Amino acid sequence: MTDGLNLAEMSRSPSFSLKTESNPKLDLKSLRQWVVAFCIIKFDLEQGQLIEECYPPGCLTQDEELEVAFSSFPDSVSQHQNRSSIHDCIFFFRFQRRENSQRGKVSSSEITEIEDKEQSPKLVDQVKRMKNTGDCKGAKYLYGYVFNRQRHDERLKRGGDQRSVVILSHNPYSSVFRPLLQIMGPLYFDIGKKALEHIASYVSIWPAPIPGKLMELPIGNAMLKVNLPPAHSLPSDSGVLFEESISSMAPFLPTNQSVPQGLFHDSDLFGIFRGLLLQLWVLWELLLIGEPILIIAPTPPQCCEAVAGLVSLVAPLLCSVDFRPYFTIHDPEFAHLNSLQEGDIFPPMVLGVTNLFFLKALRIVPHVVSVGSPSPNSNRPVLAARSSTGRFSARPEGFGLQQLSLRKFSPSNLLSAVKLRREGPLCLMTEHKEAIWTTYAATTKPDTSILNRLIDAGMSPRVEESMSVVNNEILRRHFLELTTNFLAPFGPYFRVITPSEGSSPFVDPPSLTPFNADEFLGSLSARGPGKFLSKRMRSNWLDLYRRFLRGHNFMPWFQRRRAVAEQEQHRLWRQARMNTDIQHFISKMSELEIVDSFNAIERHLLGEIKLLQSERGNPDSAATFQKLKGDLQAVFNLLPKDMQQLLLLNPQKAALLQGSLEVMELPPGHQTTEVGVVASASPR
């Protein structure tokens, strides 16, 4: 994942410096839009993983502190065995926040921070206020982005030490936090914990995140240029609500291809799955239908890259499967997963692991993927370290592209494949191999025309990196088109209906087309999957739709997509009311239609007042309020005199006709009386 940094080799570059003027004052509320906390974690020989610093203090429970600490270091079996003096790596993890955690308890790091004489009492009070108002609860999941440094020194116990700098956030903004870590990690090891305060101050003056947009974010004398993932790909429980555009969501193919269409659009899909390119279509289907997958790799950066790349395959679909880029035995959910027996259903999860113990502990996972390549200087095969730009600095071993296509059906490859399947994933205990173990029969055929377009870069790391960018673009574009076409048959269920010419825009808009799974499958079977999918899928393509409808991804995506369509329909009808010439509209109405129009306009006007009072109104809410107030008055003037007098006896309706916003200050459960009830009119 490289998107986001306009200064090359930042972690090694002496050009970065903090601005000489005083740092901006920390705005905790603004900081929380991007970051929950910055942590420094030390591996202590006697006590294990310890959080040395947490800034701002007090946003984590003791249980959460433990999860962060245990997830911020490579497993001992995945650490590099070459004795270079310093080894840095970047990876990320994701864990579930516990609703029943006693968040009111003061954590150990908070006690440490509060007792620190340098800690601002004002900041501590600010954190406590945010905790009391529930702001620290945030999202269902937390993401931790880790800069880990292992320093080898024979003079120290165990021959060295290691620390991790961690950024915690509610959001999966890898394009932001990876380059930020490349600045913050080395800075911490240069100037100590002051780096946390400096970086936090700069982040707190960033503008609010705008999903799907290119943003420029200043850090010292550097500028991060990042593309954020679109709103429709972000979990709805992230604690942050974004306005979603109907035009940017599947099943519509995006018009602007430079805009990211899903999570982890910057992942190195080609680099990490280079040895398994022919299996990408199988993996796409497995994630599409929400199957559990165990991804094992030699190092945390590799398993994170593989999980992120896999999630990015199904863009623009909202991925609702629980994915864990780096999962360890210390995760609270491991005990439950480890207790599952043969015949139990494994939950829909994508787990990235490095510890070979998981091969035995989670042997009921039906799909296992092994990625990564051996490193010559280690007891256990690992990939070479990442460069500061986030790419692998050494070429992964395995089949080249020509070998993939030409040796696919050779006898030796066939024998190797049979042997690999017979041995099963446990063969990784003795030798690391790139492979996939699954009994799933894919419906989608690998697109060899796409594979033939990929470029084999040769041995040069510099050329390798630039070619990887090109190859990632080719692969991501193909799977974006594949997913979009797969979702296209659901389009009619999101089709909005606008007011027809001559009809009233004040009535409630019709409901969207109701969805029935059996009717959908029957209709789809009759008309076929479409030209694009027909050429790429086998005859049992309808089974893939059946699995998708039963899977974990369908309903959250469908419901959210429907909500956005309903919101868009509401916007269009609201706009139609704004554009209506009320005098011309009511000139041809009967008395009964005028009464109905008064009731409808009153209802819409009350809705606009609610929006204005809740501060959730659009920029044009005030204008809409004025327009509807005028429309209501115009219709009121055409009502019979006795009906007008009766309405004015009602204090709420009288205030409404005068345009008072205080009309909404009514007791709970109070309902407005429609004019149609008073008048001898037929039901509306």
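**Strands, helices and aromatic pairs**

Trainee: Which residue in strand 10 stands opposite Phe323?
Mentor: Strand 9 and strand 10 (residues 349–353) run parallel and are joined by 3 bridges. In this predicted model, the residue of strand 10 that stands opposite Phe323 is Val350.

Trainee: In what order do the 5 strands of the open sheet stand?
Mentor: The pairing in this sheet is mixed. Strand 9 (322–324) and strand 12 (435–437) each have a single partner strand, so they stand at the edges and one side of each is left without a neighbour in the sheet. Direction ignored, neighbouring strands are turned by 10° against each other on average. The order is 9-10-8-11-12.

Trainee: At about what angle does helix 9 run to strand 10?
Mentor: Helix 9 (residues 300–313) lies across strand 8 (293–296), strand 9 and strand 10. Its direction relative to strand 10 is about 155°.

Trainee: How many residues of strand 1 are buried?
Mentor: Strand 1 pairs in the antiparallel sense with strand 5 (residues 160–169) over 6 bridges, and Phe38 stands opposite Ile167 in strand 5. Strand 1 also pairs in the antiparallel sense with strand 2, over 7 bridges, where Ile40 stands opposite Glu53. Strand 1 is mostly covered, and its buried residues number 6 of 8.

Trainee: Why is helix 6 described as largely enclosed by the rest of the structure?
Mentor: The buried residues of helix 6 include Leu196, His198, Ile199 and Tyr202. They pack against helix 1 (28–32), strand 1 (37–44), strand 2 (48–55), helix 5 (174–191) and strand 6 (214–219). Helix 6 (residues 194–203) is largely enclosed because the number of its residues that are buried is 8 of 10.

Trainee: How many residues apart in sequence are the parts that the pair of Trp34 and Trp206 ties together?
Mentor: Among the 41 aromatic pairs of the structure, Trp34 and Trp206 form one that is edge-to-face, with 5.2 Å centre to centre and 85° between the planes. Trp34 lies in the loop between helix 1 and strand 1, and Trp206 lies in the loop between helix 6 and strand 6, so the parts tied together are separated in sequence by 172 residues.

Trainee: Is Trp206 buried or exposed?
Mentor: A residue counts as buried under 20% relative accessible area. Trp34 has a value of 0% and is buried. Trp206 has a relative accessibility of 3%, so it counts as buried.

Trainee: Is the pair of Phe93 and Phe95 stacked or edge-to-face?
Mentor: Both Phe93 and Phe95 are buried. Planes under 30 degrees apart count as stacked. The rings of Phe93 and Phe95 are 6.2 Å apart centre to centre, and with 20° between the planes the pair is stacked.

Trainee: At roughly what angle do the axes of helix 22 and helix 24 cross?
Mentor: The axes of helix 22 (residues 621–638) and helix 24 (residues 651–658) come within 8 Å and cross at roughly 115°. Lys629, Leu632, Gln633 and Phe636 of helix 22 make the contact with Leu656, Leu657 and Gln658 of helix 24. By class, this contact has 4 nonpolar, 2 polar and 1 charged residues.

Trainee: What is the mean pLDDT of the chain?
Mentor: pLDDT stays under 50 over residues 126–138 and over residues 376–409. Across the chain, 73% of the residues reach 70 or more, and the mean pLDDT is 79.

How values were computed. Residues are numbered from 1 along each chain as its sequence is written. This is a predicted model: local features need pLDDT of at least 70, side-chain atom pairs count only at pLDDT 80 or more; totals for chains, interfaces and linings use all residues. Side-chain values use heavy atoms; hydrogens and water are left out. Axes are lines fitted to C-alpha atoms, for helices over the stretch in contact, and angles run from 0 to 180 degrees between N-to-C directions. Helices (H or I, at least four residues) and strands (E, at least two) are DSSP runs, numbered from the N terminus. Contact means heavy atoms within 4.5 Å. Ala, Val, Leu, Ile, Met, Phe, Trp, Tyr, Cys and Pro count as nonpolar, Asp, Glu, Lys and Arg as charged, and the others, Gly among them, as polar. Buried means under 20% relative accessible area, exposed over 50%, partly exposed in between (1.4 Å probe, protein chains only). Two strands pair if DSSP finds at least two bridges between them. pLDDT is the predictor's confidence in each residue, from 0 to 100. Rings of Phe, Tyr and Trp (its six-membered ring) pair if their centres lie within 6.5 Å; planes under 30 degrees apart count as stacked, over 60 as edge-to-face and the rest as tilted.
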